[in-house]
Amino acid sequence: MPLQVIHYPHPTLRHPSKPLKRVDAELRKIVEEMFELMYEHEGVGLAANQVDLPYRLFVANPEGDRDSKETECVFINPVLSAGRGQEEDEEGCLSIPGVHAPVTRNTTIKVQAYDLSGNEITADAEGLMARILQHETDHLDGTLFIDRLGPTQLAAIRDKLEEFELVFQSRRETGEIADAAQLAARLAELERLRT
Ligand code: ZN
């Protein structure tokens with residue numbers, strides 16, 4: 001089945017992802033599909049649990065352009081450290097389309113991760129890349145950018161979030177989205193295979 005971007009409040013978005021033990025051909029194909037979906041929805045980053053997969057992995061391209069291959073990055077089992085400075089900027093999320101709010105993040109941050117060939121990557125990021133790394137690593141821990149908003153900012157987007165909650169409920173009632181037990185069983189099976 002082709003991958004799809006899931007929307008708030010889908011429970012997989014709250015699932016803390018487990019580190020991957022190996023990279024295989026199927027995982028490379030998943031990464032390719034994730035890049036395609038990210039460009040299709042005009043995003044700059046996409047985490048595995050946003051496509052309903054429990055893996056500690058995300059893709060990013062700060063240019064947000066499929067023709068800009070040289071700025072594409074894949075981060076497997078990323079670990080962030082040494083965050084410095086604070087900066088507020090508008091953020092959105094492909095899992096909560098149409099909702100934007102200012103989020104405070106570290107200005108610079110260090111990342112250690114693995115690429116698709118199993119090579120270790122370490123980098124110091126700043127600006128948009130630093131923000132993408134923090135937003136996407138949050139996803140892998142089951143955290144959304146709306147969790148980082150203050151009460152006033154949250155109140156401003158409350159109505160929009162409620163619309164997403166209603167859509168989710170009705171899709172669950174029609175059986176289009178599986179119930180919680182089925183979703184959990186599926187994630188556990190995928191974890192057993194690769195993490
Ligand atoms: Zn997001």
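Colleague: Which residues are buried in H1?
Modeller: In this predicted model, H1 covers residues 25–40, and what covers its buried residues includes strand S1 (45–47), S2, S3 and helix H4 (180–194). The residues of H1 that are buried are Leu27, Ile30, Val31, Met34, Phe35, Leu37, Met38 and Tyr39.

Colleague: How far apart are the end C-alpha atoms of H1?
Modeller: H1 has 16 residues, and at 1.5 Å a residue these should span 22 Å.

Colleague: What supplies the largest share of the largest nonpolar core?
Modeller: The core has 23 residues, and among those touching the most other members are Met34, Leu46 and Tyr55. Met34, leaving aside its neighbours within four places in sequence, is in contact with Leu3, Leu46, Ala47, Ala48, Val51, Leu57 and Val59. Helix H1, strand S2 (57–60) and strand S3 (73–84) each supply at least two residues of this core, but the largest share, eight residues, comes from H1.

Colleague: Which residues are the protein donors of the zinc ion?
Modeller: The donor residues follow the spacing C-x41-H-x3-H in sequence. Cys93 lies in the loop between strand S4 (87–91) and strand S5 (101–105), whereas His135 belongs to helix H2 (residues 127–140), so this pair ties together parts that are 42 residues apart in sequence. At 2.1 to 2.3 Å from the zinc ion, the protein donors are Cys93 (SG), His135 (NE2) and His139 (NE2).

Colleague: Are Cys93 and His135 buried or exposed?
Modeller: Both residues are donors of the zinc ion. With the limit for burial set at under 20% relative accessible area, Cys93 and His135 are each buried.

Technical notes. Residues numbered from 1 in each chain as written. Predicted model: local features only at pLDDT ≥ 70, side-chain atom pairs only at ≥ 80, totals over all residues. Heavy atoms only, no water. Core = buried A, V, L, I, M, F, W, Y, C linked by side-chain atoms within 4.5 Å. Buried < 20%, exposed > 50% of the residue type's maximum accessible area, 1.4 Å probe, protein only. Helix = DSSP H or I, 4+ residues; strand = E, 2+ residues; numbered from the N terminus. Contact = heavy atoms within 4.5 Å. Expected span 1.5 Å × (residues − 1). Donors = N, O, S within 2.8 Å, 3.2 Å for Na, K, Ca; no water.
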